[in-house]
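Colleague: Before I rely on the strand and helix assignments here, I would like to go through the reasoning behind them with you. Could you put the model up?

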Amino acid sequence: MLEKTFLKSILKHSFNIPVRVVFWDGSSVDYGKGDPEVTIRFNEKIAIRDITKNASIALGEAYMDKRIEVDGSLQKLITSAYENAGGFMRNSKLRRILPKQGHSEKESEEDIQSHYDVGNDFYKLWLDDTLTYSCAYFKDGNHSDLTQAQKDKVDHILKKLNPQPGQTLLDIGCGWGTLMLTAAKKYDMKVTGVTLSEEQYQFVQDRIKNEGLSDVAEVKLVDYRELGDRQWDYITSVGMFEHVGKENLGLYFKDVSRYLKDDGIALIHGITRQQGGATNGWINKYIFPGGYVPGLAEIIGRITENNLQICDVEMLRRHYQRTLEIWDSNFNNNRDEITDMMGERFTRMWDLYLQACAGSFESGNIDVVQYLLTKGPSGRHLPMTRDYMVK
């Protein structure tokens, strides 16, 4: 009885859409006006102490284990919870205790490998043909094919650099190599990529060899902090600073500055909260160990204190929402194969992760931002207007 009373109290003001909640004893309650758009089913009791310790972990695990099931859109439900200022998703008392994080080089290596070394075969089932695992860029609105939108994102990033043929580019956290190899092939640059994922490293190595790019491209299986005294004309880093941790954010931008030549240009693309930095206990435990989403003011402070100046800032929140929606559609179109490969609990976990992130972007709880930076006076060697970025 206490568990039901507690759940009713935290769910009562948590949604801005009509929601039905069905409890383990068969009783139900409707919140909001109108027919329920989503139904939450509690198949078992969830201990109050688990929810008060960390609601995202307790409820996420319950969903993974089928102790909670949802009829309707998870994304719509989570968007609603984030949009409702009085809901439990915004209640600091229910997300105050987070797993301890570490970001030593060894811990960072383990964190990255735990996520990206799940296996290329898994990612191939739901990413696009370029195997790009970051926000796409829908320059024609929502109608672009995802593969084309990912290629457009790469071009959007590289155009912002105003790259010159024959100059050098470092891609920190190069993923499966699409950006760095596009820079080599399309923009005639000499490129270096770094990753801590063995699966990604071998994949990019094979691409370099198979595409005959060994004279202009290299990939290193190394922590980005261990690149010595080398410097590059340009740096790109996509979806990377979310992994470095709050305590290392300043050091990350210090290294970006250290690796840039004077008047060098960097494009840093990453998930950012406009409201201030945060972590999510469930995502930190199961999806991105060590993850921390920094706040906008925090990022700008770390940039400017490390001899870097800001030339341009662009928010791409709606683009990442759309990317995640396509990923989740692809994921569920291949759900049976993924379940056979990874098991049902893992499959429910990833479906929840993709839809929860889409909802978080849709509600404005998180954003994704591109920061164009120069080591020296802002934009000194860039065109006077932004027109060059979209030609």
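Modeller: In this predicted model, the hairpin of β1 and β2 has five residues between its strands, and Gly 26 takes a positive phi near 95° there.

Colleague: What makes β1 and β2 a pair?

Modeller: Two strands pair if DSSP finds at least two bridges between them; four bridges join β1 (residues 19–22) to β2 (residues 28–31), so the two count as paired, and they run antiparallel. Within this pair, Val 22 stands opposite Ser 28 in β2.

Colleague: How do you know that β8 and β9 are paired as well, and in which direction do they run?

Modeller: Six bridges join β8 (residues 232–238) to β9 (residues 260–272), against a requirement of at least two, and therefore they pair; the two strands run parallel. Here Tyr 234 stands opposite Ile 265 in β9.

Colleague: Why are β7 and β10 called edge strands?

Modeller: The open sheet has seven strands in the order β7-β6-β5-β8-β9-β11-β10, with mixed pairing. Both β7 (217–221) and β10 (309–315) pair on one side only, which is what the term edge strand refers to here. From one strand to the next, the twist averages 15°.

Colleague: Which strands does helix α7 touch, and what is its direction relative to β9?

Modeller: Helix α7 (residues 146–161) packs on the sheet with contacts to β5 (168–172), β8, β9, β10 and β11 (367–374), and its direction makes about 150° with that of β9. Helix α12 (residues 296–304), for its part, lies across β9, β10 and β11 and runs at about 15° to β11.

Key:
Residues are numbered from 1 along each chain as its sequence is written. This is a predicted model: local features need pLDDT of at least 70, side-chain atom pairs count only at pLDDT 80 or more; totals for chains, interfaces and linings use all residues. Side-chain values use heavy atoms; hydrogens and water are left out. Axes are lines fitted to C-alpha atoms, for helices over the stretch in contact, and angles run from 0 to 180 degrees between N-to-C directions. Contact means heavy atoms within 4.5 Å.
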